Amino acid sequence: MYTKIPPLEKTYNKTILTIESCKTKEQLECASNMVKNFKTLYKKVGCPKVLLYSLDNAIQKQHTICQL
């Protein structure tokens, strides 16, 4: 079965917005799962590693904010 992969830039921007909107640890956990799914999908088709790195940094930054 053929699965259409959404455009990288659009998906990346939605993922970043989701991470930044997290206010609780539970929401951040869901965003972390979203990042894992993003990595799984786009590693198969090729994705710049800098995008994957920036998603991890966004998760860490938001985790610090949620701690406060």
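In these exercises, a contact means that heavy atoms lie within 4.5 Å. The structure is a predicted model, in which local features need pLDDT of at least 70 and side-chain atom pairs count only at pLDDT 80 or more, while totals for chains, interfaces and linings use all residues. Residues are numbered from 1 along each chain as its sequence is written, and side-chain values use heavy atoms, with hydrogens and water left out.

**Exercise 1.** Find which residues I19 touches, not counting residues up to four places away in sequence, and describe the largest nonpolar core.

*Solution.* Leaving out residues up to four places away in sequence, I19 touches A31, V35, L55, A58, I59 and Q62. A nonpolar core is a set of buried Ala, Val, Leu, Ile, Met, Phe, Trp, Tyr and Cys residues joined through side-chain atoms within 4.5 Å, where buried means under 20% relative accessible area, exposed over 50%, and partly exposed in between (1.4 Å probe, protein chains only). The largest such core has 16 residues, and I19 is among those with the most contacts inside it, together with Y12, F38, C47, L55 and I59. Two or more residues each come from α1 (8–21), α2 (25–45) and α3 (49–67), and α3 gives the largest share, six residues. Helices (H or I, at least four residues) and strands (E, at least two) are DSSP runs, numbered from the N terminus, and the protein chain has three helices and zero strands.

**Exercise 2.** Locate the salt bridge that a search of the whole structure finds, and state which parts of the chain it links.

*Solution.* A salt bridge is a side-chain nitrogen of Lys or Arg within 4 Å of a carboxyl oxygen of Asp or Glu, and the search finds one. The partners are D56 and K39, whose closest N and O atoms are 2.8 Å apart. This pair links distant parts of the chain, since D56 lies in helix α3 and K39 in helix α2, 17 residues apart. Not counting residues up to four places away in sequence, K39 touches L52 as well as D56. With a relative accessible area of 33%, D56 is partly exposed.

**Exercise 3.** Decide whether V45 is buried, partly exposed or exposed.

*Solution.* V45 has its place in helix α2. Because its relative accessibility is 48%, V45 counts as partly exposed. For the chain as a whole, 29% of the 68 residues count as buried.
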